[in-house]
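Morning, everyone. Please have the sequence and the model open while I talk.

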Amino acid sequence: MQSEKGGEATISIDEPKTDAKEKGIAPVPATAPAPAPVVASKKAAQQPRGGWRKGLAIFDFVLRLCAITASLAATAVMATTQETLPFFTQFFQFQAQYNDLPTLTYFVVANAIASGYLVLSLPFSIVCIIRPQSPGPRLLLIVFDTVVTTLTISAASAAADTVYLAHNGNSSANWNAICQQFNDFCHQTSIAVVASFIASLIFAILIILSAFALKRN
């Protein structure tokens, strides 16, 4: 561009304006974008809780195997309890069996029912391991566990009273202790009663674990 001022000619060159995009320079935003919030997925949030319940279900399965062993031992020992004294007469033979006493017979039946129930409950316990979040099998187990626990405790308590009388007798009722003569009989019945109480204790622990798992749901 040419102009005249005071008799002198001046020449000025206007540089063409170039856009920032043509120079390859990215425009700087006025404000930097805020970082996207980190949102944990529901599945990831529930994974630790599910793993905790799975461990509890595995422990429940192991306890049921222990309870099966205890209840079967109580049933087998009591059902095979029999002792015959070496001395007898022509008309009398001194013999002691579990089915001579109704409480011991009830003990054998109750522990046999508990053993059968525990075997049938194992598949439901496995379902609780596979699907720890499902409350249905756990609720079913806690209901039947409570019923069988009541049955087992009542049978063990009744048998314990009979075994106590066999060991110590009752002078007020004029009942004599028989364990001095039938030593093996009393020893086996005592072992069976202890095994049944152990099974009852395991049942109580199973009920507590199931209630805790349902509460955590």
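This is a predicted model: local features need pLDDT of at least 70, side-chain atom pairs count only at pLDDT 80 or more; totals for chains, interfaces and linings use all residues.

At which residue does H2 bend, and by about how many degrees? The bend is at Leu-122, and it comes to about 35 degrees.

Now the helix as a whole. H2 covers residues 102-130. How far apart should its ends be? Take 1.5 Å a residue, and the 29 residues of H2 should span 42 Å. In the model, the end C-alpha atoms are 43 Å apart, so the two values agree.

Stay in H2 and find Ser-125. Is Ser-125 buried or exposed? Its relative accessible area is 1%. Buried means under 20%, so Ser-125 is buried. What does Ser-125 touch, leaving out residues up to four places away in sequence? The list is Ala-57, Asp-60, Phe-61, Arg-64 and Leu-141.

Next, the cysteines. A disulfide is a covalent bond between the sulfur atoms of two cysteines. This structure holds one. Cys-179 and Cys-186 form it, with their sulfur atoms 1.9 Å apart. The angle about the S-S bond is -95 degrees, and the link is left-handed.

Where do these two partners sit? Cys-179 has 10% relative accessibility and counts as buried. Cys-186 is buried too, at 1%.

Cys-128 is at 4% relative accessibility, so it counts as buried. Cys-66 has a relative accessible area of 38%, which makes it partly exposed.

Technical notes
Residues are numbered from 1 along each chain as its sequence is written. Side-chain values use heavy atoms; hydrogens and water are left out. Helices (H or I, at least four residues) and strands (E, at least two) are DSSP runs, numbered from the N terminus. Buried means under 20% relative accessible area, exposed over 50%, partly exposed in between (1.4 Å probe, protein chains only). Contact means heavy atoms within 4.5 Å. The expected span of a helix is 1.5 Å times one less than its number of residues. The bend at a residue is the angle between axes fitted to the seven residues ending there and the seven starting there. A disulfide is a pair of cysteine sulfur atoms within 2.5 Å.
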